[in-house]
Amino acid sequence: MKHSLYIIGGLALAISMPSGLQAQTTQPKDTTMNRTVVVEQEYNPDIMDASKVNVLPKVEEPTVSKKEVEYATTFFPATSVPAGLMNPYTGKEVQPGSTPGYVRAGYGNLGNLDVLANYLFRLSDKDKLNVRFQMDGMDGKLTLPFTDGEKWNAFYYRTRANVDYTHQFNKLDLNIAGNFGLSNFNFKPGSVNSKQKFTSGDFHAGIHFIDETAPLRFNAETNLLMYERQHNMLNGNDANTAIKETIIRTKGDVTGAIGDQQSVTIALEMNNLLYSGYPKDVSTGDEYFKNYTTLLLNPYYELDNDDWKLHVGANVDLSFGFDKSFRVSPDITAQYIFSDSYVVYAKATGGKQLNDFRRLENICPYADSYIPALSEASTILSHTFDTYEQVNASIGFKASPYTGVWFHLFGGYQNLKNDLMYSSQALCTSSTGPIGNTLTFQQENTSNVYAGGEFTYDYKDILSVAARYTYRNWNSNRNEYLLNIKPENEVSVSLGLQPVSALRVNIGYDYIGRKQEPVSFPMSDVNDLYVGASYNVFKGVSVYAQVHNLLNKKYQYYIGYPAEGFNFLGGLSFRF
């Protein structure tokens, strides 16, 4: 049978899985069968710059399910520090004969480090075990913004380890996985804290019903997620101020088929958040992290045929204990495909975004979730509430007038309750004056109107071009200075070339222009021009190199924290 892989909106549907080994493609529905085929894609040594930090909830548009086979050869960069989370790794079926092992090691200026090792043990036709290790980071002297050239000996290293086991029954997949993460970094001079360490780990067990033809299908999983922030608060350098977060997450769904093209699903997710260690102010006893439970109910109806794809449902969110609430948001998608390669769609979604410790690190690792009051005029953020996306409504048009060409136009509106942001804060007392500074998380209701477009072109395995632009107009009822961190204009352009089979070259440019607000410490725009290449020296052995910030621009991803100037990294990779 024919397998299909689609290039949509500047991103290929064959995306790198957390193991870095696999990409997934979905075959269009026909009258005979519908299944998921996973192919193994070569590792890509290009490392993504921190501009890919998820500063916003992603706006996801529907995908198209009609195209010929078009394999993407563009680079799929990995996440670079300090951005990114440790996502649970889940094993996938791979084609027989593919190499099970991969090792990559690279080093560059400013202590840039890139280490990755992965091995897939095919224990039997039904049993697979994947083991993965990754470490990346930097250690170099950077120039601090808002100073007269003051230098900062910065370092930031992340370590990730994953183990995943999958057993395939006749109609069920059993998956068990474990993940470990460690982030070590230091704060800039003058900060309240000097160093920080985040330790995380989780255990995952789940079953997945794989028989798509069955009239009743189900999935179920349980997860235990643990996370510790070693230092927090004003006296965060003390060894006894660690805060531990434990999340017990249970998920499941049941789907009943109504004929070949319709189905009804009820999905349920429960999160129990537990805090230990020192979740109280050590001097006053005030509690600023409290246990609570969230419950998400997501019933929906789906219709999927040759022309229409409808998804009609609702997100019903309840919280018990701290942050108790009851909220409802839409979960609706309508997509119409005509002339095989043209799509119009409308979408309205929403839902709760847990502001757990993992999300705090992703938004800003340098920010403190709690700062005690030093005077009556001090600001206290005693509790962090979960963010709720009340609505994210969008309309769009996608088209592929020629083979290999895709373009996408979209626009919409987003409304966020308790949007999580951060700002710079100087800590002082009335008698001694300033004693340090820090970044603190703050929350505000925000909204934005957005519009944009994207374009991709792929010619065989020789040339790939992708470009995307998004504009957002942000608003807030009060405390608009917090919008200073919000991206207003985002541009991403990449060009991939493979002039010969052994050589791959990519050139790209990323730009982030933030909303301009009258603040003391504005964040400069991101301008990152980069180039990378890999060359296959022998079978299974490649050399690679990349250079970022070719323009040597001075910019920040976080207030007051500089990004690297001109920097490079190179190394070797082995497949076996």
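Reader: Which residue in strand 13 stands opposite lysine 251?

Author: That's glutamate 269. Before we go on: this is a predicted model, where local features need pLDDT of at least 70, side-chain atom pairs count only at pLDDT 80 or more, and totals for chains, interfaces and linings use all residues. Residues are numbered from 1 along each chain as its sequence is written, and side-chain values use heavy atoms, with hydrogens and water left out.

Reader: What makes strand 12 and strand 13 a pair?

Author: Strands are DSSP runs of E, at least two residues, numbered from the N terminus, and two of them pair if DSSP finds at least two bridges between them. Strand 12 (residues 243–258) and strand 13 (residues 262–277) have 16 bridges, in the antiparallel sense, so they count as a pair by that rule. Their hairpin has 3 residues between the strands, and glycine 259 there takes a positive phi near 80°.

Reader: How many bridges join strand 13 to strand 14?

Author: There are 12, and the strands run antiparallel, with strand 14 covering residues 292–304. Asparagine 298 in strand 14 is the bridge partner of alanine 267.

Reader: What makes a nonpolar patch, and which residues form it?

Author: Members need over 30% relative accessible area and no salt bridge, and nonpolar side chains (Val, Leu, Ile, Met, Phe, Trp, Tyr) are joined within 5 Å. A salt bridge is a side-chain nitrogen of Lys or Arg within 4 Å of a carboxyl oxygen of Asp or Glu. Val103, Tyr535, Val537, Phe538, Val543, Leu572, Phe574 and Phe576 form the patch, with about 690 Å² of accessible area together; that area comes from the Shrake-Rupley method with a 1.4 Å probe. Strand 25 (526–538) and strand 29 (567–575) each give two or more residues, and strand 25 supplies the largest share, 3 residues.

Reader: How do you know that lysine 188 lies over the face of tyrosine 561?

Author: The rule wants NZ of Lys or CZ of Arg within 6 Å of the ring centre and within 35 degrees of the ring normal. Lysine 188 is at 5.4 Å from the ring centre of tyrosine 561. Likewise, arginine 229 has its charged end over phenylalanine 357, 5.8 Å from the centre of that ring.

Conventions: Patch = residues over 30% accessible without salt bridge, like charges linked within 9 Å, V, L, I, M, F, W, Y side chains within 5 Å. Helix = DSSP H or I, 4+ residues; strand = E, 2+ residues; numbered from the N terminus.
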